[in-house]
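Dear colleague,

Please find below the structure that I am handing over to you. I would ask you to look through it first and then to read the notes that follow.

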Amino acid sequence: MPKINKYVDISEVDREAKKDLIDRHSPFIHCKKTAKAGEPFEVTVKMGNEYTHPDDFDHFIESITLFNGDTKLASASFVPGTLGNEKSHCEVTFNIRPMGKKLNLTAHGYCTKHGIWESTAVVVEVAQ
């Protein structure tokens, strides 16, 4: 089982280099706080908030995966050069159809050099 790195609050990090590493590899989930059951719901996952990530042949974001609890909802894969070989924020928008009473969303981003990184969970209330 590969190690899964988790986002650490930047205010708790002392060194700038560590802050840079954590931010650029952490997935951030952007979506509304409520959804309607069975209707399309947009969830955007962006790698990095403040710092951009390289897009080199041997160091790039290879995939972003969205989960609801333990259930995989969607995944997107990327190849080197997807971002024009420029430092950038790798970003993808998934359209899902929520069911149940709530979503407990988390995302994983996979960097070819620094492994798997997990987002902070986002809870979405689902109206019937």
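T65 is buried, because its relative accessible area is 11% and the cut-off for buried is under 20%. In this predicted model, T65 belongs to strand β5, which covers residues 61-68. The side chain of T65 makes a polar contact, at 3.3 Å, with the side chain of S75. Leaving aside residues up to four places away in sequence, T65 touches K72, A74, S75, T106, A107 and H108.

I116 is part of strand β9, residues 115-118. Its relative accessible area is 18%, and I116 is therefore buried, since the limit is under 20%. How far apart in sequence and in space are I116 and P2? They are separated by 114 residues in sequence, while their C-alpha atoms lie 7.7 Å apart.

I turn next to the aromatic rings. The count comes to one aromatic pair. This pair is formed by Y7 and F28, with 5.3 Å from centre to centre and 75 degrees between the planes. The arrangement is edge-to-face, because planes over 60 degrees apart are classed in that way. The pair links distant parts of the chain: Y7 sits in the loop between β1 (4-6) and α1 (16-25), F28 sits in strand β2 (residues 27-30), and the two are 21 residues apart. Is each of these residues buried or partly exposed? Y7 is partly exposed at 25% relative accessibility, whereas F28 is buried, with a relative accessible area of 17%.

Finally, I come to the cysteines. A disulfide is a covalent bond between the sulfur atoms of two cysteines. How many disulfides does a search of the whole structure find? The search finds zero. C31 is in no disulfide, and the nearest cysteine sulfur, that of C90, is 18 Å away. C31 is partly exposed, with a relative accessible area of 22%. C111 is likewise in no disulfide. For C111 the nearest cysteine sulfur is that of C90, 11 Å away; it cannot count as a disulfide because the two sulfur atoms would have to lie within 2.5 Å. At 1% relative accessibility, C111 is buried.

Yours sincerely,
A colleague

Notes. Residues are numbered from 1 along each chain as its sequence is written. This is a predicted model: local features need pLDDT of at least 70, side-chain atom pairs count only at pLDDT 80 or more; totals for chains, interfaces and linings use all residues. Side-chain values use heavy atoms; hydrogens and water are left out. Helices (H or I, at least four residues) and strands (E, at least two) are DSSP runs, numbered from the N terminus. Buried means under 20% relative accessible area, exposed over 50%, partly exposed in between (1.4 Å probe, protein chains only). Rings of Phe, Tyr and Trp (its six-membered ring) pair if their centres lie within 6.5 Å; planes under 30 degrees apart count as stacked, over 60 as edge-to-face and the rest as tilted. A polar contact is a pair of N or O atoms within 3.5 Å; within protein, one must be able to donate a hydrogen and the other to accept it, and residues adjacent in sequence count only if both atoms are side-chain atoms. Contact means heavy atoms within 4.5 Å.
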